[in-house]
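Thanks for asking me to look this one over. Here are my notes, as a few numbered points to read beside the model.

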Amino acid sequence: MAILEVRNIEKHFGATKVLEDISFSLEEGKALAIIGSSGSGKTTLLRCLNFLETPDRGVITVRDEVLFDADNKAALSEEAIRQKRLHFGLVFQNFNLFPQYTALENVTLAGKLREKDKSRWSAIETQGLELLDRMGLADRAGHYPHQLSGGQQQRVAIARALALHPDVLCFDEPTSALDPELTGEVLKVIRSLAEQKTTMIIVTHEMAFARDVADQVIFMDGGLIVEQGSAREVIETPREERTRQFLARY
């Protein structure tokens, strides 16, 4: 059963069409990798799913709830947008941690802001510590971002995204800001999440990782989905010439 349905999404910036007729579905517990050259629309697609951008056309549905329908688009309050965002967790390229907060505070901040009953904050902190432990960072809970390596900061960012229990966890090129040695530790965490059947969308340039970890792969070019299918089919035996040209570089 599909947990996420995306139908006919389009997005323009002025006269530039960045996304055109994007449609796909994602089943619960599956991982989808989105590949393509820089500027192909991958990040804009994630931003539309997370309500950081508003599509000009299309429908987004999660668990049979229509979160966005361009044909019935009404002005949404900031609170309504925040509620819709909770369906998606987004891990950015450059971590985006708050420098003035510790690792644990970064992970628990959103939960505490939502929970007005301070007597329940200890449970939020316990969950935060458990998530940091899952990320291999139990001994870094009291460290500030500047005291952590890039790989450790990205793992804190993953824990922060998981803390709100999103339906779909999204990664926007999570290793692009890391050197090769630190890339491996972040990919190991994402691989473990896939093994635990976390529903994920991963924008990545790591082709071998996408082939081995993702259930589905979408190849985008020029704002269009050129090809989609099982990970091994798309990456090892692509049907489209444009896909073959792209993968030849890797």
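This is a predicted model: local features need pLDDT of at least 70, side-chain atom pairs count only at pLDDT 80 or more; totals for chains, interfaces and linings use all residues.

1. Let's take the overall fold. The chain is built from nine helices and ten strands. Its C-alpha trace spans about 55 × 45 × 35 Å along the principal axes. For 250 residues, a compact globule would have a radius of gyration near 18 Å, and the chain agrees because its own value is 18 Å.

2. Next, the inside and the surface. Of the 250 residues in the chain, 50% are buried. The chain exposes about 12100 Å², and 47% of that area comes from carbon and sulfur atoms.

3. Contacts along the sequence are worth a look too. Among contacts in the chain with a separation of 6 or more, 65% join residues 24 or more positions apart.

4. On charge, the chain carries 30 positive and 37 negative side chains. The centres of these two sets lie 2 Å apart.

5. Is Thr61 buried or exposed? Thr61 has a relative accessible area of 9%, and the cut-off for buried is under 20%, so Thr61 counts as buried. Leaving aside residues up to four places away in sequence, Thr61 touches Ile3, Leu4, Glu5 and Arg7, together with Val66 and Leu67.

Notes: Residues are numbered from 1 along each chain as its sequence is written. Side-chain values use heavy atoms; hydrogens and water are left out. Helices (H or I, at least four residues) and strands (E, at least two) are DSSP runs, numbered from the N terminus. The radius of gyration is taken over C-alpha atoms; the globule rule is 2.2 Å times the number of residues to the power 0.38. Buried means under 20% relative accessible area, exposed over 50%, partly exposed in between (1.4 Å probe, protein chains only). Contact means heavy atoms within 4.5 Å. Accessible areas come from the Shrake-Rupley method with a 1.4 Å probe; for residues, only the protein chains shown count as cover. Lys and Arg count as positive and Asp and Glu as negative; His and the chain ends are not counted. The place of a charge is taken as NZ of Lys, CZ of Arg, CG of Asp or CD of Glu.
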